[in-house]
Amino acid sequence: MVSAPVAPRIIPVRQARFISCAGNPPPIIMPYSVVTDDLFRAHDHPGHPESQARLEAALTGVPADARRIAPTKAAPDDLARVHTHRHITAIRSFCEECPPGRACYIDPDTYVTSGSFDAALYAAGAAILAVERALDGEHSFALVRPPGHHAVPDRAMGFCLFNNVAVATAQALREVARVAIIDWDLHHGNGTQAAFYTSDRVLYCSVHQAGTFPGTGWPDEQGAGPGVGYTINIPLAAGSTGADYALVFREVFVPAIRGFKPALLVVSAGQDPLFDDPLGSM
Ligand SMILES: [Zn+2]
């Protein structure tokens, strides 16, 4: 989820792992970690597209020798760097009022359970921990549920309760001047865009399938006020391929990020652009 081009540190060889072995140019050797936990199953509704089965499927791709780290819980004040207190309180109350063993719907897409508020605090906390480890010179991947990039400052939507990436980015901005976010989820990260739309300290780059939920993410959404030019949206037509994504990265995202010179790169790494995802058409 997160990697950071920070000052090089001396890494003991036994901690080093190969992250990229593409053969060109030399492989990157950095320690890496996976921040995850079984506790996210407290937010689950079997049969819903966003269920624990999704995380378990993703975990099958994590190497067995990857260093796994348990997340810490985000504090409500951490969430409040992005979300309104009213939203935080509303989600907590909605979860408390949901009978144990049931799923309660905030909107037609987005459910909570009685355990979702705690799970969501851990999800945001995992993203914060991954960012902190990245700032310390490590690749860190937070595998969490519930997801976050659709959650706007005052509302949950699109399966998302709190915006994990935005909360982690806001935490990082306390330590560094600039953070770049790449969001390669199939859908536009409207919540993440909204969180930093007027900021010139966050470069938000999203590539997504055009015309899908939530209907935002058009090229003319470029930021507002001091943030003009710091939001880049590339909607791709259904059926786009890996070559199209490579073109977007090579011609747009990488040059923009190089010019921006962020201290940290956060990746909102939704896996639904993969060709066999039932909700996508890439
Ligand atoms: Zn998505």
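Where is proline 146 found? Proline 146 sits in the loop between β8 (139-142) and α5. Keep in mind that this is a predicted model.

## Cis prolines

Let's stay with that loop for a moment. Arginine 145 and proline 146 are joined by a cis peptide bond, with omega at about -10°.

There is another cis bond to look at, running from phenylalanine 213 to proline 214, and its omega is near 0°. Proline 214 belongs to the loop between β10 (202-209) and β11 (231-236).

Phenylalanine 159 counts as buried because it has 25 C-beta neighbours inside 10 Å, and the cut-off for buried is 20 or more.

Lysine 261 is not a glycine either, and it has a positive phi of about 55°. You'll find lysine 261 in the loop between α7 (242-260) and β12 (264-268).

Now for helix α3, which covers residues 85-97, 13 residues in total. From first C-alpha to last, α3 reaches 18 Å, close to the 18 Å expected at 1.5 Å a residue. Its buried residues are His87, Ile88, Ile91 and Cys95. These cover an arc of only 100° around the axis, so they end up on the same side of α3. As a rule, an α-helix has 3.6 residues a turn, so residues three or four places apart point the same way.

What do the buried residues of α3 pack against? Their partners are α2 (76-79), β7 (111-112) and α4 (116-135).

## How α4 meets α5

That brings us to α4 and its packing with helix α5 (residues 164-172). The two helices pack at an angle of about 40°, and their axes are 8 Å apart. Oblique is therefore the word for how α4 and α5 lie to each other, and α4 passes α5 in a right-handed crossing.

As for who touches whom, α4 brings Ala123, Ala124, Ala127, Ile128, Ala130, Val131 and Leu135 to the contact. On the α5 side, they meet Asn164, Val165, Val167, Ala168, Gln171 and Ala172.

Conventions. Residues are numbered from 1 along each chain as its sequence is written. This is a predicted model: local features need pLDDT of at least 70, side-chain atom pairs count only at pLDDT 80 or more; totals for chains, interfaces and linings use all residues. Helices (H or I, at least four residues) and strands (E, at least two) are DSSP runs, numbered from the N terminus. The expected span of a helix is 1.5 Å times one less than its number of residues. A residue is buried if 20 or more other C-beta atoms lie within 10 Å of its own, exposed if 12 or fewer, and partly exposed in between; C-beta atoms are placed from the backbone. The arc is that of the directions from the helix axis to the C-beta atoms. Two residues are in contact if their C-beta atoms, placed from the backbone, lie within 7 Å. Axes are lines fitted to C-alpha atoms, for helices over the stretch in contact, and angles run from 0 to 180 degrees between N-to-C directions. Angles under 35 degrees count as roughly parallel, over 145 as roughly antiparallel, 65 to 115 as roughly perpendicular and the rest as oblique. A crossing is left-handed if the near helix is turned anticlockwise from the far one by less than a right angle, and right-handed if clockwise.
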